[in-house]
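Hi there,

Here is the structure I promised to pass on. Have a look at it first, and my notes follow below.

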Amino acid sequence: MASNKILGIDLGTTNSAFAVMEGGDPEIIVNGEGDRTTPSVVAFTDGERLVGKPAKNQAIQNPDRTIGSIKRHMGEENYDVETDGETYTPEEISAMLLGKIKRDAEEYLGDEVERAVITVPAYFSDRQRQATKDAGEIAGFDVERIINEPTAASMAYGLDDDSDQTVMVFDLGGGTFDVSVLDLGGGVYEVVATNGDNDLGGDDWDQAIIDWLAEEFESDHGFDLRDDRQALQRLKEAAEEAKVELSNRKETTINLPFITATDSGPVHLEEKLSRAKFESLTEDLIER
């Protein structure tokens, strides 16, 4: 039996999230891995397709068959991805991610979910919006509406009263940074200006930690861990975890045993990273 709920989907460049209304309030649904966000990554291995976290976790070791940030190509003519002798459009890749979201939502709710609202950047063209809607339909959704991301953010934060106001929405995602100015009044949301940086996001903060760890390790051991795909994958996962921990702690310890081996045996990595040091490493990103 199909649920009467409409799924709200933030189809992001780096990560995606989905929610339903419960008791008049939006509730984020945890995915099959128990997380509140799903990496927007699809990968192909021998005879298997991975979507979300499993795809992200092997991305560095399997770069040629891993597809991320496909949102940047939505609606782009003559763009496709070739892997394992198959060709996929951006809409088809996005539909694989949306298909996982649909399955995870249905597992969580215990009912089939047919209807969805999907958000897109305010600067998306009609072609990009249609491509997003097409991806939803390929995944099995009846896409009720495509909504601007800053409009959805304004609604979610309670700015849906009838008073006239002007608000600015900062959206720092995993791979992009968008700023929008909206005029609100009488229940109408109008995006009057939008700008941003398509190459600035949380991934850059992760990379700053990765580079710092690699440089400290090379200084001590004479080996650049970024040249080892397996070690780099572990660095990337540890960097993201450290960044999250420093949101509510002043210091964290990054401990990666057996990160590599030399003629003398296994080598371990252990570094303490303070919030102050992290802010200093990423000062240039804040300035941007």
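Please keep in mind that this is a predicted model. I began where the two domains meet: four residue pairs are in polar contact between domain 1 and domain 2, counting pairs with both residues at pLDDT 80 or more. On the side of domain 1 that touches domain 2, there are three nonpolar residues, four polar and one charged. The domain assignment puts domain 1 at 6-162 and domain 2 at 202-287, and their centres are 29 Å apart over C-alpha atoms. Together the two bury about 720 Å², with 49% of that on carbon and sulfur atoms. Lys56, Ile60 and Gln61 provide 69% of the area that domain 1 buries against domain 2.

Across the whole structure, the search finds 17 salt bridges.

- Aspartate 206 and lysine 243 form a salt bridge with their closest N and O atoms 3.0 Å apart. Aspartate 206 sits in helix α5 and lysine 243 in helix α6, so this pair ties together parts 37 residues apart in sequence. Aspartate 206 is buried, at 3% relative accessibility.
- Arginine 65 and aspartate 46 also meet in a salt bridge, at 3.5 Å from N to O. Here arginine 65 is partly exposed, at 21% relative accessible area, while aspartate 46 is exposed, at 71%.

Happy browsing!

Note on methods. Residues are numbered from 1 along each chain as its sequence is written. This is a predicted model: local features need pLDDT of at least 70, side-chain atom pairs count only at pLDDT 80 or more; totals for chains, interfaces and linings use all residues. Side-chain values use heavy atoms; hydrogens and water are left out. Domain bounds come from an automatic or database domain assignment. Buried area is the accessible area (1.4 Å probe) that two parts lose on being put together, summed over both. A polar contact is a pair of N or O atoms within 3.5 Å; within protein, one must be able to donate a hydrogen and the other to accept it, and residues adjacent in sequence count only if both atoms are side-chain atoms. Ala, Val, Leu, Ile, Met, Phe, Trp, Tyr, Cys and Pro count as nonpolar, Asp, Glu, Lys and Arg as charged, and the others, Gly among them, as polar. A salt bridge is a side-chain nitrogen of Lys or Arg within 4 Å of a carboxyl oxygen of Asp or Glu. Buried means under 20% relative accessible area, exposed over 50%, partly exposed in between (1.4 Å probe, protein chains only). Helices (H or I, at least four residues) and strands (E, at least two) are DSSP runs, numbered from the N terminus.
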